[in-house]
Amino acid sequence: MSTAMGYAISTTVTAPFATTLDAVRAALATEGFGILTEIDMAATLRAKLDVDIPPQVILGACNPPLAHRALQAEESVGLLLPCNVVVRADGPDRTVVEAIDPQVMVGVTGNEALSSVSDEAGARLRRALAVLTAG
């Protein structure tokens with residue numbers, strides 16, 4: 001697993017997009033995240049702009065107990081909750097999976113009361129992504 005960007009938790013999986021997307025859904029569920037929304041970026045851009053991009057889906061993942069704890073610490077944190085997990089094809093047998101690093105909530109708000117929530121959310125997301133590349 002790598003963290004290519006300072007605001008993301010990321011990994012690259014040696015597997016086709018569709019297989020990885022299913023594995024991401026399962027791994028997130030194991031860590032207590034439900035999928036509230038799903039945006040097929042490739043289909044949306046094709047329909048709205050008549051452009052083609054490689055397969056890419058944004059999953060709106062939520063762990064309700066963690067979201068509730070975060071909202072108790074900072075009522076406007078819904079703007080920053082680590083909900084988006086992006087799954088995108090990087091060739092026929094390579095898929096990139098990225099999630100927002102929950103530490104962004106603490107950095108943006110400066111509210112240290114969010115630290116325990118962001119630590120737990122980050123650990124859960126890292127475990128979910130690690131399962132994808134476990135041999």
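Predicted model: local features only at pLDDT ≥ 70, side-chain atom pairs only at ≥ 80, totals over all residues.
A polar atom in the side chain of T20 lies 3.0 Å from the backbone oxygen of P16.

**T20**

- T20 is part of helix 1, which spans residues 17–30.
- Is T20 buried or exposed? T20 counts as buried because its relative accessibility is 2%, and the cut-off for buried is under 20%.
- With neighbours within four places in sequence left aside, T20 is in contact with V13, A15, V87, T95 and V97.
- Among these contacts, T95 and V97 fall within the residue range of strand 5, residues 95–100, while V13 falls within that of strand 1, residues 8–13.

**Q72**

- Q72 belongs to helix 3, which covers residues 64–73.
- The relative accessible area of Q72 is 57%, so Q72 is exposed; the cut-off for exposed is over 50%.
- How far apart in space are Q72 and L114, C-alpha to C-alpha? The distance is 9.2 Å, although Q72 and L114 are 42 residues apart in sequence.

**Strand 1 and strand 5**

- Strand 1, made up of residues 8–13, is mostly covered, with five of its six residues buried.
- In which sense do strand 1 and strand 5 pair? The two strands pair in the antiparallel sense, over six bridges.
- Opposite T11 stands V97 of strand 5. V97 is also one of the residues in contact with T20.

Technical notes
Residues numbered from 1 in each chain as written. Heavy atoms only, no water. Helix = DSSP H or I, 4+ residues; strand = E, 2+ residues; numbered from the N terminus. Buried < 20%, exposed > 50% of the residue type's maximum accessible area, 1.4 Å probe, protein only. Polar contact = N/O pair within 3.5 Å; in protein donor to acceptor, adjacent residues only side chain to side chain. Contact = heavy atoms within 4.5 Å. Pairing = 2+ DSSP bridges.
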